[in-house]
Amino acid sequence: MSRPLCGGTSEVQEANDEVQRICDEVKPHAEEKAGQKFEVFTAKSYKSQLVAGTNYFIKVHVGGDEFVHLRVYKMLPHAGEKLELHSLQTSKAHHDPIEYF
């Protein structure tokens, strides 16, 4: 596993159980921002960024050939490790790279 520099993003990694749990928790907020319901919401890959907490940039399969990219902020442990959906990019494809947004 690559170790990102503080402030820089990691290399793309395969999504794991922790990243899927993050997606499951923010799914209702993503649906609200996108203005649609997602039948499928499966994390595929992600990058992370260490800040005063962690930003996750996650590629999520939402059905068919459709993907969305999420930017989720996870607060530090002393702040309760709460999750916040910062932003969402729709109309993404499997081949679209995950980039900072």
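In what order do the five strands form the open sheet? In this predicted model, the order is S1-S2-S3-S4-S5, and the pairing is antiparallel.

View 1. Strand S1 (13–14) and strand S5 (83–92) are the edge strands, each pairing on one side only. Helix H1 (residues 17–34) packs on the sheet and touches S2, S3, strand S4 (66–74) and S5. The direction of H1 makes about 70 degrees with that of S5.

**View 2. The pairing of S2 with S3.** Strand S2 (residues 42–51) and strand S3 (residues 53–63) run antiparallel and are joined by nine bridges. Val 51 stands opposite Gly 53 in S3.

**View 3. The ends and the bend of H1.** At the start of H1, a side-chain oxygen of Asn 16 comes to within 3.1 Å of the backbone nitrogen of Glu 18. H1 bends by about 55 degrees at Val 26, and Pro 28 follows within four residues. The end C-alpha atoms of H1 are 24 Å apart, which agrees with the 26 Å that its 18 residues should span at 1.5 Å a residue. Just after H1, Gly 35 takes a positive phi of about 70 degrees.

View 4. The buried residues of H1 are Val 19, Gln 20, Ile 22, Cys 23, Val 26, Ala 30 and Glu 31. Their cover includes S2, S3, S4 and S5. Arg 21 also has its place in H1, but counts as exposed because its relative accessibility is 53%, over the 50% cut-off. Between Arg 21 and Thr 42, 21 residues apart in sequence, the C-alpha to C-alpha distance is 9.9 Å.

How values were computed
Residues numbered from 1 in each chain as written. Predicted model: local features only at pLDDT ≥ 70, side-chain atom pairs only at ≥ 80, totals over all residues. Heavy atoms only, no water. Pairing = 2+ DSSP bridges. Helix = DSSP H or I, 4+ residues; strand = E, 2+ residues; numbered from the N terminus. Contact = heavy atoms within 4.5 Å. Axes fitted to C-alpha atoms, helices over the stretch in contact; angles between N-to-C directions. Buried < 20%, exposed > 50% of the residue type's maximum accessible area, 1.4 Å probe, protein only. Expected span 1.5 Å × (residues − 1). Bend = angle between axes of the 7 residues up to and from the residue. Polar contact = N/O pair within 3.5 Å; in protein donor to acceptor, adjacent residues only side chain to side chain.
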